[in-house]
Amino acid sequence: MEPLAERLRPKSLEEYVGQKHIVGPGAPLRGMIEHGHISSFILWGPPGTGKTTLANIIASKLELPFFTLSAISAGVKDVRDILDNARKSHFFNSDSPILFIDEIHRFNKSQQDSLLQAVETGVITLIGATTENPSFEIIRPLLSRCQVYILESLGKDDLLELANRAITQDVYLKERNIKLAQTTALLRYSGGDARKLLNIIELVANNQEPGTASLEISDNMVVKCLQGNPAAYDKDGEMHYDIISAFIKSIRGSDPDAALYWLARMIEGGEDPMFIARRLIISASEDIGLANPNAMLLANAAADAVMKIGWPEGRIPLAEATVYLATSPKSNSAYLGINSAIEKVKETGNLPVPLHLRNAPTNLMKDLGYGADYKYAHDYQGNFVIQQYLPDDIKGTTFWKAQHNESEERIKLRMDTIWKKGK
């Protein structure tokens with residue numbers, strides 16, 4: 001018997017659940033389908049959002065030759081064989097046949113290169129499906145020839161529509177007199193994934209005693225059948241980057257609760273603790289900086305503690321550093337300063353070091369004036385003396401600009417005082 005998700009796979013756009021922004025009335029992709037002509041495109045979205053289903057519906061609606069490949073198992077030869085068949089099919093049809101490639105992000109550069117000419121000349125219309133960001137995983141020449149449509153995780157209403165369709169329309173489940181008494185756990189565990197939702201319903205239904213007259217699905221029943229909630233987290237995938245981004249932005253935005261939540265998501269997902277620790281160190285220098293220099297010390301200490309005490313106890317110093325950084329005053333003045341200096345270097349090139357700042361390890365260099373007239377700051381009152389340190393062409397340029405926080409305003413006051421006093 002086919003799995004429930006396969007039995008309920010939609011055959012038309014009217015049966016398709018979700019993604020109204022691209023296939024709903026008036027949406028761009030629906031318009032192309034209804035007019036009977038589509039161009040190559042990539043479907044990008046999480047698992048269980050209907051990428052493969054949508055490709056099958058398009059092929060059926062347009063009544064075109066439809067070729068499929070799975071990037072997990074296909075090689076360049078497989079691509080070439082299908083392109084040869086597509087050329088023959090194209091000879092007998094006015095419109096290009098469709099080539100659907102699932103997990104297209106798993107194709108290497110040479111495999112993707114092999115598609116370029118066929119896509120460009122219209123030998124095939126490419127539909128690619130990927131769970132990863134196409135900007136990173138699809139070569140630029142191929143991506144430029146394809147429109148990218150983003151599919152979103154299914155919302156509560158979509159999931160409930162799908163669940164009710166399963167228990168009332170599936171040839172087997174509709175005979176079981178199933179009711180959804182509670183849906184909180186069902187929705188939470190499915191995580192916006194239609195396939196996962198249907199798998200859970202099927203698992204719960206199959207877990208009941210044979211001959212049971214009726215079934216009321218409750219939250220406790222779902223939790224008991226699933227025995228926990230494996231976190232959806234791919235350490236090498238898109239979600240990895242999305243969650244660490246949310247984590248750092250929560251720290252930058254001074255929201256310790258959100259930062260702890262994203263930290264917990266990474267911990268439960270099995271993220272490398274040292275990856276988290278390294279990002280905390282970066283955040284301490286980039287986002288807190290001189291507003292609270294102790295942040296860098298604590299972030300480094302947390303990384304050191306994780307290495308010393310291991311896991312799972314290492315989550316505690318990571319949490320401590322997370323809360324400390326999130327609640328610290330913020331400044332990116334050092335970050336902006338070095339970026340500004342790098343841009344000036346790119347703009348002005350290798351300007352000569354002023355003679356008085358140059359090293360003079362040999363007599364010849366001393367005779368040429370290297371190091372001459374250099375003033376040793378510690379020989380002067382307050383360990384400071386007015387002196388030019390930048391190249392002549394950019395003297396007076398300011399790269400570091402103090403921001404409005406107690407620590408940097410104190411630093412700026414000292415700098416203003418000693419430089420004005422020394423003149």
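Predicted model: local features only at pLDDT ≥ 70, side-chain atom pairs only at ≥ 80, totals over all residues.
Is Trp 419 buried, partly exposed or exposed? At 31% relative accessibility, Trp 419 counts as partly exposed.

**View 1. Phe 66 and Phe 100 form a stacked aromatic pair.** Phe 66 belongs to strand β2 (residues 66-70) and Phe 100 to strand β3 (residues 98-102), so the pair ties together parts that are 34 residues apart in sequence. As for accessibility, Phe 66 counts as partly exposed at 27%, whereas Phe 100 is buried, with a relative accessible area of 4%.

**View 2. Phe 384 and Trp 419 form an edge-to-face pair.** Here the ring centres lie 5.0 Å apart and the planes stand at 75°, so Phe 384 and Trp 419 count as edge-to-face, a label given to planes over 60 degrees apart. Phe 384 is found in the loop between α19 (363-367) and α20 (406-422), while Trp 419 is in helix α20, so the pair ties together parts that are 35 residues apart in sequence.

**View 3. A charge sits over a ring at Arg 188 and Tyr 189.** Look for the charged end of Arg 188: it is placed over the ring of Tyr 189, 4.6 Å from the ring centre.

**View 4. Ile 58 is a buried residue of helix α4.** Helix α4 spans residues 51-62 and includes Ile 58. With 0% relative accessibility, Ile 58 counts as buried, because the cut-off for buried is under 20%. Apart from neighbours within four places in sequence, Ile 58 makes contact with Ile 33, Ile 38, Phe 41, Ile 98 and Ile 127.

**View 5. Asn 292 is a buried loop residue.** Our last stop is the loop between α15 (273-288) and α16 (294-309), where Asn 292 lies. Its relative accessibility is 12%, so Asn 292 counts as buried. Setting aside residues up to four places away in sequence, Asn 292 touches Tyr 324, Ser 328 and Pro 329.

Key: Residues numbered from 1 in each chain as written. Heavy atoms only, no water. Helix = DSSP H or I, 4+ residues; strand = E, 2+ residues; numbered from the N terminus. Buried < 20%, exposed > 50% of the residue type's maximum accessible area, 1.4 Å probe, protein only. Contact = heavy atoms within 4.5 Å. Phe/Tyr/Trp six-rings, centres within 6.5 Å; stacked < 30°, edge-to-face > 60°. Lys NZ or Arg CZ within 6 Å of the ring centre and 35° of its normal.
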